[in-house]
Amino acid sequence: MNFGENILKYKDDILRDLKTLLEIESVSSEGPFKCRKALDFVLQRAEELGLTVKNIDGKAGHAQLGNGGKLCGALTHLDVVPSGNNWTVEPFTLTRKDGRLYGRGIDDDKGASIVNLYCLKALLDSGIKGENTLRCIFGTDEEVGMTDMETYFKNEPLPDISFTPDSDYGICYAEKGILQLKIYMDRNDGKTLSAIKSGDAVNAVPDDAKALVYCSESFGNEIKEKSKKINGQFSFTETIDGLVINSVGTAAHACEPEKGFNAALALVELLNENLDEDEVGSLCQFIGYALRRETDGTSLGLRMRDFVSGDLTCNVGKIRLNDNTAYLTLDIRYPVTMNYENILARVAKSASLRGLKVEVIHHAAPLYLPKESKTIEILSSAYEEITGKKPELYSTGGGTYARMLGGKGVAFGPAFKDDKVNMHNADESIDEEKFFLHAQICLQAMHKLYTEKF
């Protein structure tokens with residue numbers, strides 16, 4: 001039975017509410033106010049649609065259908081990363097162009113949030129009697145640590161079975177561990193390098209970086225000339241405070257740093273090539289010998305992989321350097337069979353060689369769900385019933401709410417791997433036809449969770 005097609009009745013409603021949600025600039029790294037506004041909007045719409053709702057401390061909440069049997073969940077987040085640069089459309093609105101839907105969060109994860117809401121509405125309107133309780137759970141700080149789900153699950157039980165449409169199709173049965181670090185010293189000790197600013201998020205490849213170098217005009221001209229031999233895109237501005245160097249790159253998600261071009265690392269390479277060690281200071285020295293432009297942690301002694309989840313990745317996200325501040329952030333995604341304490345120890349040892357300290361910003365343990373689990377069985381059948389194909393089982397370096405579910409959930413959609421969605425990049429978008437194919441798969445899966453005994 002293809003129940004999933006029923007979601008297409010709500011296409012106009014989905015697009016209308018999605019437009020409103022995208023216009024709420026719920027960037028979690030900039031504070032909770034607008035994230036709470038996004039949560040309030042979704043829960044209010046759910047109530048207007050006839051669903052039972054609950055708000056947990058303004059950080060998370062759910063819309064519910066049914067009240068018996070097993071507790072089943074579909075989890076999405078309403079917060080987004082900063083818009084960044086180089087958009088060809090307005091980032092905080094819905095743009096329909098050339099068969100695609102554009103907007104920050106359209107793929108990650110506001111589009112799926114509105115789809116989940118209307119899946120509940122479709123089930124409610126059908127009049128079908130459910131065997132189980134079905135909850136769509138919404139969070140507000142997935143991008144900055146998932147404390148929203150920590151708060152939610154202190155107040156509400158873990159679902160017996162669940163999924164989060166916050167990745168790709170088919171089914172993600174393994175997620176790498178996430179270790180986010182701050183590497184720092186008390187102050188800038190560079191004699192010539194006055195400042196660096198790059199990146200707005202720990203979990204993204206920065207597409208812009210700026211440095212201020214105190215130097216003579218002639219030396220500045222030497223740097224400009226030598227920049228032509230460095231792989232990067234640089235521009236220069238003379239100011240009364242010194243030479244401002246701007247580096248432009250390409251953003252990407254930290255789980256796939258090789259898909260971006262790190263503007264900060266290009267800039268630091270240029271600085272290290274033209275200034276002595278005492279002129280750039282300890283932070284840039286550390287980047288130069290321990291990080292380079294690598295995305296696999298080789299120079300840190302972290303190059304590793306396993307059969308389940310593949311290679312470790314390493315990304316420099318933010319750099320802040322001025323008279324009173326000197327730090328960078330590092331986002332490491334490590335294979336599911338590896339030990340994070342060993343990784344942390346190697347980074348700390350390398351940083352100490354330049355007098356730097358290491359602080360753990362966030363750690364999330366890996367997720368690994370057996371391929372034979374009931375969760376995967378149900379989601380596989382829903383996918384096959386809509387698409388006529390069996391889903392691929394895969395692993396990811398991304399971090400989703402699935403790892404908060406005690407081994408009872410996985411990531412499932414919404415993006416298809418042949419669709420370039422530009423997650424965490426400029427012009428985040430999704431093919432409109434594929435978006436509503438996801439909506440059908442999602443409703444088919446939620447129908448099974450709601451109506452089947454297991």
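Modeller: The account below begins with the pocket and then turns to loops, side-chain pairs and cysteines.

This is a predicted model, in which local features need pLDDT of at least 70 and side-chain atom pairs count only at pLDDT 80 or more, while totals for chains, interfaces and linings use all residues. Residues are numbered from 1 along each chain as its sequence is written, and side-chain values use heavy atoms, with hydrogens and water left out.

Two or more lining residues come from each of β11, β12 and β13 (208-213). Strands such as these are DSSP runs of E with at least two residues, and helices are runs of H or I with at least four, both numbered from the N terminus.

Ala-201 occupies the loop that joins β11 (193-198) to β12 (204-205). Ala-201 has a relative accessible area of 13% and is therefore buried; buried means under 20%, exposed over 50%, and partly exposed in between, for a 1.4 Å probe and protein chains only. Apart from neighbours within four places in sequence, Ala-201 is in contact (heavy atoms within 4.5 Å) with Pro-82, Gly-317 and Lys-318. Val-316 is 115 residues from Ala-201 in sequence, yet their C-alpha atoms are 9.9 Å apart.

Some loops carry backbone angles worth noting. Most residues other than glycine have a negative phi, and most peptide bonds are trans. Asn-86, in the loop between β3 (71-77) and β4 (95-97), has a positive phi of about 70°, and its relative accessible area of 51% makes it exposed. Asp-98 lies in the loop between β4 and β5; its phi is also positive, at about 55°, and at 73% this residue is exposed. In the loop between β5 (100-102) and α3 (110-126) lies Asp-109, whose peptide bond from Asp-108 is cis, with omega near 10°. A further cis bond runs from Tyr-169 to Gly-170, with omega near 0°, and Gly-170 sits in the loop between β8 (167-168) and β9 (171-175).

The structure holds 29 salt bridges, each defined as a side-chain nitrogen of Lys or Arg within 4 Å of a carboxyl oxygen of Asp or Glu. One of them pairs Glu-238 with Lys-224 at 3.4 Å, N to O. This pair links distant parts of the chain, 14 residues apart: Glu-238 belongs to strand β14 (residues 233-239) and Lys-224 to helix α5 (residues 217-226). Both partners are partly exposed, Glu-238 at 42% and Lys-224 at 25%. By contrast, Arg-16 and Asp-13, which form a salt bridge at 2.9 Å, are 3 residues apart in helix α1 (residues 11-22), so about one helical turn separates them.

Finally, a disulfide is a pair of cysteine sulfur atoms within 2.5 Å, and the count by this rule is 0. Cys-136 is buried at 0%, but its sulfur is 7.0 Å from the closest cysteine sulfur, that of Cys-119, and so is too far for a bond. The sulfur of Cys-215 is 14 Å from the closest cysteine sulfur, in Cys-284, which is likewise too far; Cys-215 is partly exposed at 22%.
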